[in-house]
Amino acid sequence: MLHNLTGWHALIVLAILLLVFGSTKLPSLAKGVGQSMRILKDEVREEKTVSTPDDAAVPYRHAS
């Protein structure tokens, strides 16, 4: 669906965003998105490192 987008399309979208949000709101919007992505990345990293107590309580059974 998005494989036909070119550089001109990106410039048009950027111009529309500039008109809608104004030049004063765009830096704060970008900062908010960056902070949200950083928080999301940290939370995903914490989920991978934290093991649940249920995992440790289940013994390994060898197939007979």
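How far apart are the end C-alpha atoms of helix α1?

1. Helix α1 covers residues 7-49, 43 residues in total, and its end C-alpha atoms are only 40 Å apart. A straight helix would reach 63 Å at 1.5 Å a residue. That expected span is 1.5 Å times one less than the number of residues.

2. A word on the basis. This is a predicted model, where local features need pLDDT of at least 70, side-chain atom pairs count only at pLDDT 80 or more, and totals for chains, interfaces and linings use all residues. Numbering starts from 1 along each chain as its sequence is written, and side-chain values use heavy atoms, with hydrogens and water left out.

3. Look at Gly22. A kink of about 100 degrees in α1 is centred there. The bend at a residue is the angle between axes fitted to the seven residues ending there and the seven starting there.

4. The protein has two helices and zero strands. These are DSSP runs, numbered from the N terminus: helices are H or I with at least four residues, strands are E with at least two.

5. Of the 64 residues in the protein, 0% are buried. Buried means under 20% relative accessible area, exposed means over 50%, and partly exposed lies in between (1.4 Å probe, protein chains only). The protein exposes about 6500 Å², and carbon and sulfur atoms supply 66% of it. Areas come from the Shrake-Rupley method with a 1.4 Å probe; for residues, only the protein chains shown count as cover.

6. Leu17 lies in helix α1. Leu17 counts as partly exposed because its relative accessible area is 34%. Leaving aside neighbours within four places in sequence, Leu17 is in contact (heavy atoms within 4.5 Å) with Gly22 and Leu26.

7. Val13 is also in helix α1. Its relative accessibility is 47%, so Val13 is partly exposed.

8. The count comes to one salt bridge. The rule asks for a side-chain nitrogen of Lys or Arg within 4 Å of a carboxyl oxygen of Asp or Glu. Asp42 pairs with Arg45, their closest N and O atoms being 3.5 Å apart. Both lie in helix α1, three residues apart, about one turn of the helix. Asp42 is partly exposed because its relative accessibility is 33%.
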